[in-house]
Amino acid sequence: MNALRFPSDFVWGASTSAYQIEGATKEDGRGVSIWDTFAATPGKVRGGDTGDPGADHYHRYAQDLDLMRDLGLQSYRFSVAWPRIQPNGSGKANQKGLDFYRRLIDGLVDRGTRPMVTLFHWDLPQALQDAGGWESRDTALRFAEYAEIVFGALHARDWLTINEPKTVVDCGYRQGVHAPGIADGDRALVACHHLLLAHGLASRLLHEQHPGRRIGPALNLHPTYPAEDSQEARDAAVRQDAVENRLYLDPIFKGFYPIEILSTDRDHIREGDLATISEPIDLLGVQYYTPIFVGPDQRRVIKHRTRQAGWLEDYPDGFHDILVRLKRDYPEVPLVITENGLATDDEPGADGRVADEDRISYLRGHLAAMHRAMKAGVRVEGYHVWSLLDNFEWAEGYAQRFGIVHVDFETQKRIPKDSAHWYRDLIRTGELR
């Protein structure tokens, strides 16, 4: 295809998360997270893997910063580990934890890379889980206190509150395949409300205390489609959209929940909560991986190619469609793509090169779809590939690799894959070829 040119001020970056890459889970005063507990429970994570060693980023962050500079990254989106800041989820800050993230941000700024800070990427302090976790309203209040500490200690313009609340709700509370391992639909909705309340409380705090900074959630959005041409399938797709997208977008942007979702028991929703949840946001982190096609029986139907992760269909049109839908259906705010990527089974060849053509194909197709949405007037100001580094992929352990940089988890050697070189050239030229 002909080269597609992106605006000169478009920001190119990469994303990671604390528990997936840092390792060092018992060092410098860090407390226990629910993922430490979950991963240590036999049968919960493939291969019995845990967040140690991750990519040992806690000790190798300077090397990783140089790697980002060499790739030309203009933005780095990372998360702060709540248990590093408040080992028990409340009280005085752990200075060594704050100092680590200060060093990280200083290193980014020194290399000309913008920091984008995520407050919560799933690693809830275990002490808060023991007190009720996200089913407890108090956890949202503790999150606001944690956010206030981090806002004051770290100097960054752009902030994200909750990463993928839907994954916490669906995988952690509805299906039980992620921490904390609960499988109860009613409890999932309570957790959902408190996650969104935490987002609203933190957003309000930043606006009150640090004018000029920007904040928003990072939502994984799945465009939903009928898997066949029938009214039953179309109705099923509408119902699925409420679960996948409107459950999060509607309260944040419009101050109400989709009518299809609300259960009869609403005691956990208090007066004023939805006003807090709908505190105006300054940007929206959009994470897109896959569409959802549903049949008339409400079951998902896989209709496009998947690779290592069986849930992830390669369907770039879905990326275009969800971006256009955001512009059409919701108040317009700047959009930042905070995750988009593919897991592939890639290892270095005899020549040491990691040839991940499937990933390049996936990224090329999705960036072209994003460009098409931008041409249609969608306000996308930046893109972060998931992920910078191979890492701990939650319940899949180290079995799936999403990184554009290969990590040998025994030696911690980093090797930029072909996709990293391809992405570096895209950043340098601003042209997608």
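Where does alanine 81 lie in the chain? In this predicted model, alanine 81 is placed in the loop that joins strand 3 (75–79) to helix 4 (82–85). Alanine 81 counts as buried, because its relative accessibility is 1% and the cut-off for burial is under 20%. Once neighbours within four places in sequence are left aside, the contacts of alanine 81 are Ala18, Glu22, Tyr101, Asp123 and Tyr146.

Two other loop positions were examined. Arginine 30 is situated in the loop between helix 1 (18–21) and helix 2 (34–39), and with a relative accessible area of 10% arginine 30 is buried. Not counting residues up to four places away in sequence, arginine 30 touches Tyr19, Ala24, Thr25, Asp36, Pro83, Arg84, Pro87 and Asn94. Alanine 40, by contrast, belongs to the loop between helix 2 and helix 3, and alanine 40 counts as exposed because its relative accessibility, 57%, is over the 50% cut-off. The C-alpha atom of alanine 40 is separated by 38 Å from that of leucine 323, a residue 283 places away along the chain.

The residues of helix 3 that are buried are His57, Tyr58, Tyr61, Asp64, Leu65, Leu67, Met68 and Leu71. In general, residues three or four places apart in an α-helix point the same way, because there are 3.6 residues a turn. Histidine 57, which is found in helix 3, has a relative accessible area of 2% and is therefore buried. Leaving aside neighbours within four places in sequence, histidine 57 is in contact with Ile21, Glu22, Asp64, Tyr76, Phe100, Leu104 and Arg414. After helix 3 comes glycine 72, with a positive phi near 80°.

Helix 10 (231–254) likewise falls short of a straight span: for its 24 residues a straight helix would reach 34 Å at 1.5 Å a residue, whereas the end C-alpha atoms of helix 10 are only 28 Å apart. Just after helix 10, glycine 255 adopts a positive phi of about 80°.

In helix 14 (residues 418–429), the 12 residues should span 16 Å at 1.5 Å a residue, and the distance of 17 Å between the end C-alpha atoms agrees with this expectation. The buried residues of helix 14 are Asp418, Ser419, Ala420, Trp422, Tyr423, Leu426 and Ile427. These buried residues pack against strand 2 (11–15), helix 3, helix 13 (357–375), strand 11, strand 13 (414–416) and strand 14 (431–432). Glycine 430, which follows helix 14, has a positive phi near 70°.

The largest pocket has a volume of about 830 Å³. It is lined by 35 residues, of which Thr167, Cys171, His178, His222 and Trp311 are the closest to its centre. At least two lining residues are supplied by each of helix 8 (165–174), helix 10 and strand 9 (292–294), and helix 8 gives the most to this lining, with 5 residues. Divided by class, the lining of the largest pocket has 12 nonpolar, 13 polar and 10 charged residues.

The second largest pocket holds about 160 Å³ of space. Of the 13 residues that line the second largest pocket, Val11, Arg114, Asp158, Arg214 and Glu381 are the closest to its centre. Strand 4 (114–120) and strand 11 (380–386) are the elements that give two or more residues to this lining, and the residues of the lining divide into 4 nonpolar, 3 polar and 6 charged.

Conventions:
Residues numbered from 1 in each chain as written. Predicted model: local features only at pLDDT ≥ 70, side-chain atom pairs only at ≥ 80, totals over all residues. Heavy atoms only, no water. Buried < 20%, exposed > 50% of the residue type's maximum accessible area, 1.4 Å probe, protein only. Helix = DSSP H or I, 4+ residues; strand = E, 2+ residues; numbered from the N terminus. Contact = heavy atoms within 4.5 Å. 1 Å grid on protein atoms, 1.4 Å probe; cavity = no way out; pocket = protein on both sides within 12 Å on 5 of 7 lines; lining within 4 Å. Points joined across faces, edges and corners; volume = space filled by probe spheres on them. Nonpolar A, V, L, I, M, F, W, Y, C, P; charged D, E, K, R; others polar. Expected span 1.5 Å × (residues − 1).
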